[in-house]
Amino acid sequence: MRTTAAVLASRAERFTVEEVEIDEPRAGEVLVRLVASGVCHTDAVAQQGDLPFPVPGVLGHEGVGRIEALGDGVTGHAVGDTVLLGWPWCGQCRNCLAGQPRYCLQLAPLLIGGGRADGSTSLRRLDGTPLHSHFFGQSSFAQHAIVGPSSLVPFSTTAPTEAVGVLACGIATGAGAVLNTLSLGPGDSLVVFGAGAVGLAAVMAARLTPATTIVVVEPNAARRALASKHGATEVLDPAGVDVVPAIHEICGGTADAALDCTGIPAVIRQAIDSVGMLGTAVLIGAAPAGAEFSADHLSTLWGKRIVGTLGGESQSPRLVPALLALHDQGRFPFTDLIQYFPLAEINEALEASRAGDVVKPVLQLSEPAHDTKGRR
């Protein structure tokens, strides 16, 4: 069958929106008619070639839509179900069996291998040229996607359906880093470096904890204002202060925890240096492939932890409904960060995000089912 997709022909090129062919679902697969897809920094990293997804192909990994067809043997889902497209996982390795599918031992080929596990792809140009598919198990910059049923998360919420896809990666990554990776106690302090979608989601989540000091370091004035609105107790412009001493002054000493949401090695060092003994620096931001960072050995030796986290940890069927319930209770207003674009404006959406004009772009892939306040 035919569908419309944003195709990346070569690395560092603009996307072209074109009609392509997509397979019918094979045994054990699901065909989803996508309503929307979030645009994540990881997509931009892959577009530039710093994440080795093969081209030509279709990116996108924050899809949401409705099931259109089921392959043989698929149970637990029905045609017409509204679902979020989560990350793929093998379900058989030791990490999956331990309840940590974000760290599936087959994660790299499942995320960026460019096709099914057998090497085949579900997408082709109309002339028959194969297009690499299954980016993060979905390739959601298209009106349809072939996915594995274990990745699908049914949901119910008062939020617009087209907003929910952002919980597949970016928003869940920031919130989950706070709620799953850290254990913030009464009176604790947290520093968030970078107030994009991931960082602001972390701030919203931190407001749900008993931490009393939430510092955000962000060069963009509009994003600093958003951070203050959504729970930051202090905001710092790194251009105007010596960041680490300023944090220590605010916290009355070293911070208890820090999150780097930038992937910039110099900023990672600031995050590490901002915490002290028994403190935790959590690395979230996507740096270019091969990037390295440094840390002072002696201060790290004194009980400091430096940990990385993927996708907010936990499991999508647990984390996503919880975040949606918090949203519906008015406690996690992630939809405030979204601005909508039609698929035809995917390049403009990426540029607006890169320039800092938009916090979280979402591509509308079909007619919206709800009011999409905030669309350009």
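Ala-5 counts as buried because its relative accessibility is 0% (buried means under 20% relative accessible area, exposed over 50%, partly exposed in between, with a 1.4 Å probe and protein chains only). This is a predicted model, where local features need pLDDT of at least 70, side-chain atom pairs count only at pLDDT 80 or more, and totals for chains, interfaces and linings use all residues. Residues are numbered from 1 along each chain as its sequence is written, and side-chain values use heavy atoms, leaving out hydrogens and water.

**Around Ala-5**
- Ala-5 sits in strand β1, residues 2-7 (strands are DSSP E runs of at least two residues, helices H or I runs of at least four, numbered from the N terminus).
- Leaving aside residues up to four places away in sequence, Ala-5 touches Thr-16, Val-17, Glu-18, Val-20, Val-58, Phe-141 and Ala-142 (contact means heavy atoms within 4.5 Å).
- Glu-19 is 14 residues from Ala-5 in sequence, and their C-alpha atoms are 6.3 Å apart.

**Helices α7 and α8**
- The axes of α7 (residues 243-251) and α8 (residues 265-274) come within 9 Å and cross at roughly 30 degrees (axes are lines fitted to C-alpha atoms, for helices over the stretch in contact, and angles run from 0 to 180 degrees between N-to-C directions).
- Val-243, Val-244, Ile-247 and His-248 of α7 make the contact with Gln-270, Asp-273 and Ser-274 of α8.

**Cysteines**
- The count comes to 0 disulfides, a disulfide being a pair of cysteine sulfur atoms within 2.5 Å.
- Cys-251 is in no disulfide, and its nearest cysteine sulfur, that of Cys-261, is 16 Å away.
- For Cys-261, the closest cysteine sulfur is in Cys-40, 12 Å away and too far for a bond.
- Cys-261 is buried, with a relative accessible area of 18%.
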